[in-house]
Amino acid sequence: MNLAMTLVLVLAMTGCKKQPSDAPPPIAVGSGSAVAPAPTPTPSPAPVGKLPAGVTDAMIADADKSLAAMNKFSADVGGAGKDCKKATAALKGSEAAMTAVVATFTAWQTAGNKDDKIAEYWKTTYDPKFDDDNRDKDSKVTFEACQKDPEFAAAMKTNPLIAYLSNK
């Protein structure tokens with residue numbers, strides 16, 4: 001799969017969407033060249049009596065950890081701006097965390113394939129969180145600026161999340 005398609009998949013998975021026109025602009029920090037990273041999400045409280053039987057506290061904890069890892073991944077890659085060496089380091093530095101994210105996605109997908117109620121729970125509880133409108137707009141700039149950098153491209157090929165999405 002070519003790099004451009006991989007980029008599209010990564011951005012789709014991490015929720016890169018056009019910011020609504022009525023949304024407030026990002027808060028600039030420092031010299032104005034950076035944007036404050038998205039806050040770490042609070043764990044999702046399990047709705048009493050509404051969890052499908054197959055959803056465990058461990059699954060919820062893993063999903064919340066994965067969401068925090070995705071937020072950090074996006075902040076690190078997006079924070080690199082057009083600095084491809086920094087972006088490459090962020091990709092390489094995220095490999096262990098993205099391996100865990102892939103494991104979480106796979107576990108939820110497997111459970112959801114067996115039980116429609118679990119799939120619906122993921123869709124209504126976690127899809128909106130992973131599809132954060134504001135989180136990845138800076139990452140998109142980085143991916144576009146660095147896609148032809150050979151070291152960045154190599155790091156993209158070895159990143160577990162990107163490999164997972166490329167095989168979908």
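A crossing of two helices is left-handed if the near helix is turned anticlockwise from the far one by less than a right angle, and right-handed if clockwise. In this predicted model, the crossing of helices H2 and H3 is right-handed.

**Packing of H2 and H3**

Two packed helices are described by the angle between their axes and the distance between the axes. For H2, residues 57–79, and H3, residues 84–93, the angle is about 160 degrees and the axes lie 8 Å apart. Angles over 145 degrees count as roughly antiparallel, and H2 and H3 are therefore roughly antiparallel to each other.

The residues that form the contact are listed by helix below.

| Helix | Residues in the contact |
|---|---|
| H2 | Phe73, Asp76, Val77, Gly79 |
| H3 | Lys86, Ala90, Leu91 |

By class, the residues of this H2 and H3 contact comprise 4 nonpolar, 1 polar and 2 charged.

**The disulfide**

A disulfide is a covalent bond between the sulfur atoms of two cysteines. The structure contains 1 disulfide. Its partners are cysteine 84 and cysteine 146, with an S to S distance of 2.2 Å. The link between cysteine 84 and cysteine 146 is left-handed, with -95 degrees about the S-S bond. Cysteine 84 belongs to helix H3 and cysteine 146 to helix H7, residues 137–146, so the pair ties together parts that are 62 residues apart in sequence.

Terms used: Residues are numbered from 1 along each chain as its sequence is written. This is a predicted model: local features need pLDDT of at least 70, side-chain atom pairs count only at pLDDT 80 or more; totals for chains, interfaces and linings use all residues. Side-chain values use heavy atoms; hydrogens and water are left out. Axes are lines fitted to C-alpha atoms, for helices over the stretch in contact, and angles run from 0 to 180 degrees between N-to-C directions. Helices (H or I, at least four residues) and strands (E, at least two) are DSSP runs, numbered from the N terminus. Angles under 35 degrees count as roughly parallel, over 145 as roughly antiparallel, 65 to 115 as roughly perpendicular and the rest as oblique. Contact means heavy atoms within 4.5 Å. Ala, Val, Leu, Ile, Met, Phe, Trp, Tyr, Cys and Pro count as nonpolar, Asp, Glu, Lys and Arg as charged, and the others, Gly among them, as polar. A disulfide is a pair of cysteine sulfur atoms within 2.5 Å.
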